[in-house]
Amino acid sequence: MDDFVDGLSEVTCDVLVIGGGTAGPMAALKAKQKNPALNVVLLEKANVKRSGAISMGMDGLNNAVVPGYATPEQYTKEITIANDGIVDQAPVFKYAARCYDIIQELDRFGIRFQKDANGDFDLKKVHHLGTYVLPMPNGETVKKALYRQLKRERILISNRIMATRLLTAKDGRIAGAVAVNTRTAEFLVLRAKTVILCMGAAGRLGLPHSGYLFGTYENPTNSGDGYAMAYHAGAALANLECYQINPLIKDYNGPACAYVAGPFGAYTANAEGKRFIESDCWSGQMMQEFYNELQSGKGPVFLKLNHLHPDTVGEIADILHRVERPSRGRFHEARGTDYRERMIEMHISEIGFCSGHSASGVFVDEYARTTVSGLYAAGDMASVPHNYMLGAFTNGAVAGEHAAEVAQEIDLPDYDADFVRLERERILAPTRRTDGIPPNQLEYKARRLVNDYLQPPKVTARMQIGQARLAEVREDFDMALVARNAHELLRALEVSSILDCADMAAHASLYRTESRWGLYHNRVDYPEKDDENWFCHTLLRKVDGRMVSEKRAIQPYIVPIETEERTAYERLRVSNQA
Amino acid sequence: MPLALSPTAVPVVVDEAKCIADKGCTVCVDVCPLDVLRISDLTSKAYMKFDECWYCMPCETDCPTGAVTVNIPYLLR
Ligand SMILES: Cc1cc2nc3c(=O)[nH]c(=O)nc-3n(C[C@H](O)[C@H](O)[C@H](O)COP(=O)(O)OP(=O)(O)OC[C@H]3O[C@@H](n4cnc5c(N)ncnc54)[C@H](O)[C@@H]3O)c2cc1C
Ligand code: SF4
Ligand code: SF4
C-alpha cells in the first residue's frame, strides 16, 4: 500500500455524487429512488462506513422544524435574523417545509429520535427564538443505518478516491470529475451527466491553537476540496467572508454547551462563573460576545455544569462521551477535570468555511443547483445558511432528486481531453521530485499564515500582507513540493485546496468593506454595519483565470421581518452586564 | 533540500497480542477517515503509520478484538 501505481481509467455514470458523509449518501439514495434505472456512483475520499462529520454519530438533530413546535415561516424568520438578513429565503423555506418528511424517513431507517410518552417527537429549545433541536438517543447508529440503505439500493460506492477537479463540456455544462486513488495515486476520469458536490466544510483552513494540524473542529478529511473544485469549474461561491468560528473546549475540538448541556441547565460563563450571553446558540453575534469576554478581565470563558445535580451531570457526560466526539472523556480525565467540581475552560476554534454552521458556501438555489449547469451542491459546502445535519440530509435529498430528473433527459456531455492531461500532470508533479518540501511543512506554514493574517478581527493591511505571503507558499507548492508515496500525495492535494480556500477567504473578506455577522466578519477598519451599500450577498468566482467578487441582491423575502425583530441577535449580551 | 526524520509519539496504540491482522483483519485500516493506520510488513499487526489523527475513535470502536486504544495526541493533552 501507498506505493505509486501508474494507471488511468475511465468510468461512466448518470449521476455522480462526490463525498459520502451526510448529504452524499442521502443524495445518492434519492437519485436512485427517483429513477432506479440510473447508474449512480458515490465517491468518497475515506470510507463511507465511517466518513464525514457524523463518523461517530451525533447526539441531536439540528435544525428540526416539527409541527407543533415550529412552522416553516418561524424557522425561516429565525435564520434570516440570525444571519443578519443576508438570506435568500426560498431554499431555507423549502428546507423547513421538507425536513419533517426526512426526519420521519430517518426514523424509519432505524435512527430513532427522542419521543415523549405519547410517541411524539420531543424537541429542546436552544435557539434564541424557536425550538428546533431533536435529541437522538441512539445517535451513534447514524452511519450504519445510512450504509444499510445504500447497500439495499445497490448504489455503487468507491472508497479511498479523492476528487480533485470537475470536468466541463465546451458549452459550460458539467461533464464529470477527475479523481485519484489515495493509496496508489492511480488516476480516474469519471464521466457523468450531473454531479452533486457533498464534500463538507473547508475545515482545515485555520490552524487550531494547539498547533496540531488535525485537531480541527471539522473532520480534517474536509480540506475544502469541494470549494476549490467549484471555484475552478467557474461556479459562484457566496458570502465566504462569513467564516465559520465555533466555541469549543480549550485544546479539545469538541463543541460543548448549547445543544447538549444547555437544555439540562448548563451555560457559558466567564471566570466569575456568571452568564454573559442570553443565548448560547451559535451565531456570529454570539461568537463576538464570546471573543470579547475571552479578551476581557473577566476571561477566559468556561462551560459551567458544576451547579447542576451530580446525576444530571452524569447524564450529560454519558451523551458527550458516547457520540460525536467520544474521546472527550479521556481528554478531561487526563487533565483531572471533573465536570461536577470545576468549570471547563473554553476557547474559539480556527476559522473555516461552512454553511452548516454559518453561511459561507457554494451558491445554490432552492433546487440545490449551483451556477454551473448540471452541478449541484448540498450540506456544509452549499450556501443554505445554518442548516446543520438535517440540512445536509434534506438538501442532499433535494439535490439527488433534481439531478436524477435532469440526468434522465440529457446525453453524456463530452469533456476536454487536454484538460485531463494537464490535470494529471499537475497532480503527479510532486511525485516526480525526489527532493523538496514535504506537504506537512507546507500545510503548517499556509495555515499558520491564515491565523496570523486572515482570522478576525480583520484588518485590511494585514490581510494584504497575508495574500503576499500565501502567494510565496503557493510558489513553493508549484516548484518544490515533494510527495514520496500516495499518502503524501493525498496530503499534498489537500494543501492545494487549502491554499485556494485561503486565497478566497482573503479576497472575499477584503471585498466586503463593512462589518457584519459579529465576529465572522469583524473588519476593524470598517467597524460599522453598512446596510445601504452591503445589504446583499457577495459572489466570488473565477473569470478568465482570475478571482473576482460581485454583489448579488437578496431575493425578496417570502416571510416578512419586522424592524424590531431584525435586531434580536444583536441583543445577546446579558443586560445587567453591559 | 534533504528530508530529515522527526520523531513523534503517535496517539493510537495497538495491543499486538490481541490484534488479528495476521489472520486477515483490516477493519481499523479500512474505517479510519484519515487513513493513517497500516498493517506492518514486519509484524503483520496493525499500527499507526502517520501522526494525522482526529482522535475520533472508529478504529477502536470497530476493532473486533478490542486491540486498539485511542489516546489524545500529546500536543493537546
Ligand atoms: C464536531 C461536530 C459536531 C456537530 N454536532 C452536530 C449536532 O449535534 N447536530 C447537528 O445537527 N449537526 C451537528 N454538526 C453539523 C453536521 O454534522 C454537519 O452539518 C453535517 O454532517 C454536514 O454534512 P456534509 O455531508 O456536508 O459533510 P460531511 O458529513 O462531513 O461529509 C463530507 C464528506 O466528503 C468527503 N470528501 C471530502 N473531500 C473529498 C474529496 N476530495 N473527494 C471525495 N470525498 C471527499 C469526506 O471524506 C466526507 O465523508 C456537527 C459537526 C461537527 C464537525
Ligand atoms: S481492527 Fe483490531 S484486530 Fe483488526 S487489524 Fe485493526 S487492531 Fe488488528
Ligand atoms: S482515532 Fe480516528 S483518525 Fe485516529 S486512527 Fe482512529 S479512526 Fe483514524
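This is a predicted model: local features need pLDDT of at least 70, side-chain atom pairs count only at pLDDT 80 or more; totals for chains, interfaces and linings use all residues.
Local features need pLDDT of at least 70, and side-chain atom pairs count only at pLDDT 80 or more. Residues are numbered from 1 along each chain as its sequence is written.

Strand S9 of chain A covers residues 187-191 (strands are DSSP E runs of at least two residues). S9(A) pairs with S1 (residues 8-12) of chain A in the parallel sense, over five bridges (pairing needs at least two DSSP bridges). Here Leu8(A) partners Phe187(A). S8 (residues 174-181) of chain A pairs with S9(A) in the antiparallel sense, also over five bridges. Val178(A) partners Val189(A).

Helix H10 of chain A spans residues 388-407 (helices are DSSP H or I runs of at least four residues). Of its 20 residues, 18 are buried, so H10(A) is largely enclosed by the rest of the structure.

Ligand 1 has 37 residues around it (a heavy atom within 4 Å). Thr22(A), Glu44(A), Gly60(A), Asp225(A) and Asp380(A) come nearest. A ligand oxygen is 2.5 Å from a side-chain N or O atom of Glu44(A). A ligand nitrogen is 3.0 Å from a polar backbone atom of Ala163(A). Another contact puts a ligand oxygen 3.2 Å from a polar backbone atom of Met389(A). The protein covers 99% of the 1,000 Å² of accessible area (Shrake-Rupley, 1.4 Å probe) that ligand 1 has on its own. Strand S4 (60-61), strand S7 (161-168) and H10 of chain A each give two or more residues to the shell.

How values were computed:
Chains are lettered from A and ligands numbered from 1 in the order in which they are written. Side-chain values use heavy atoms; hydrogens and water are left out. The expected span of a helix is 1.5 Å times one less than its number of residues. Buried means under 20% relative accessible area, exposed over 50%, partly exposed in between (1.4 Å probe, protein chains only). A polar contact is a pair of N or O atoms within 3.5 Å; within protein, one must be able to donate a hydrogen and the other to accept it, and residues adjacent in sequence count only if both atoms are side-chain atoms.
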